Amino acid sequence: MSDTYIVLYDPRGLIEAELPLGRAPHEALVTAVLAWKNPDLAPRDYEQIALQLTGHARAVAADVRRHAAALPKNAGRGALAEVVLREADGRLSAPLEGTARCVQNRARLVRALYTRLDRLTEVLPATP
């Protein structure tokens, strides 16, 4: 492993916009985590899962933000997206804990963000 690090400067999020989200494996992880009844993992294992879900939640939130920004200012879907994004920002700013509860909360957040993303990207029927 190298001790050299490269800092990526991408203030407009162009690189992130081009990366695929890898939705299927993360949805499978969310499903598995939310199905837990009495997991007995080490705190560091919970932290690793929470980090994975946190990173993915940030990527999905960025995608939701991009789609919401492309909508007209008076679009109801955009307003709902803003509510979900404010909630996500608050939840993502909370420190990670090495607990099942923390991991499950991050999993619920990923699921909520994907739900909002799906609603933003669905094709609405044309109004006469």
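Predicted model: local features only at pLDDT ≥ 70, side-chain atom pairs only at ≥ 80, totals over all residues.

Residues are numbered from 1 along each chain as its sequence is written, and side-chain values use heavy atoms, with hydrogens and water left out.

Me: Are α2 and α5 roughly parallel, roughly antiparallel, roughly perpendicular or oblique to each other?
Reply: Helices here are DSSP runs of H or I with at least four residues, numbered from the N terminus, and axes are lines fitted to C-alpha atoms over the stretch in contact, with angles from 0 to 180 degrees between N-to-C directions. Helix α2 (residues 23–34) packs on helix α5 (residues 100–121) at about 135°, the axes being 9 Å apart. Angles under 35 degrees count as roughly parallel, over 145 as roughly antiparallel, 65 to 115 as roughly perpendicular and the rest as oblique. The two helices, α2 and α5, are therefore oblique.

Me: How are α4 and α5 oriented to each other?
Reply: Helix α4 (residues 76–93) packs against α5 at an angle of about 160°, with 10 Å between the axes. The crossing of α4 and α5 is left-handed, a term for a near helix turned anticlockwise from the far one by less than a right angle (right-handed if clockwise). The pair α4 and α5 is therefore roughly antiparallel.

Me: How many nonpolar residues does the contact of α3 with α5 have?
Reply: Helix α3 (residues 43–69) and α5 have axes 9 Å apart at an angle of about 20°, and they are therefore roughly parallel. In the classes used, Ala, Val, Leu, Ile, Met, Phe, Trp, Tyr, Cys and Pro count as nonpolar, Asp, Glu, Lys and Arg as charged, and the others, Gly among them, as polar. Besides 4 polar and 3 charged residues, the contact of α3 with α5 has nonpolar residues numbering 19.

Me: Which helix gives the most to the lining of the largest pocket?
Reply: A pocket is an open set of points on a 1 Å grid over the protein atoms alone, where a 1.4 Å probe fits, with protein on both sides within 12 Å along at least five of seven lines, and lining residues have an atom within 4 Å of a point. The lining of the largest pocket includes Arg91, Cys102 and Asn105, and by class it has 3 nonpolar, 2 polar and 4 charged residues. With 4 residues, the helix that gives the most to this lining is α5.
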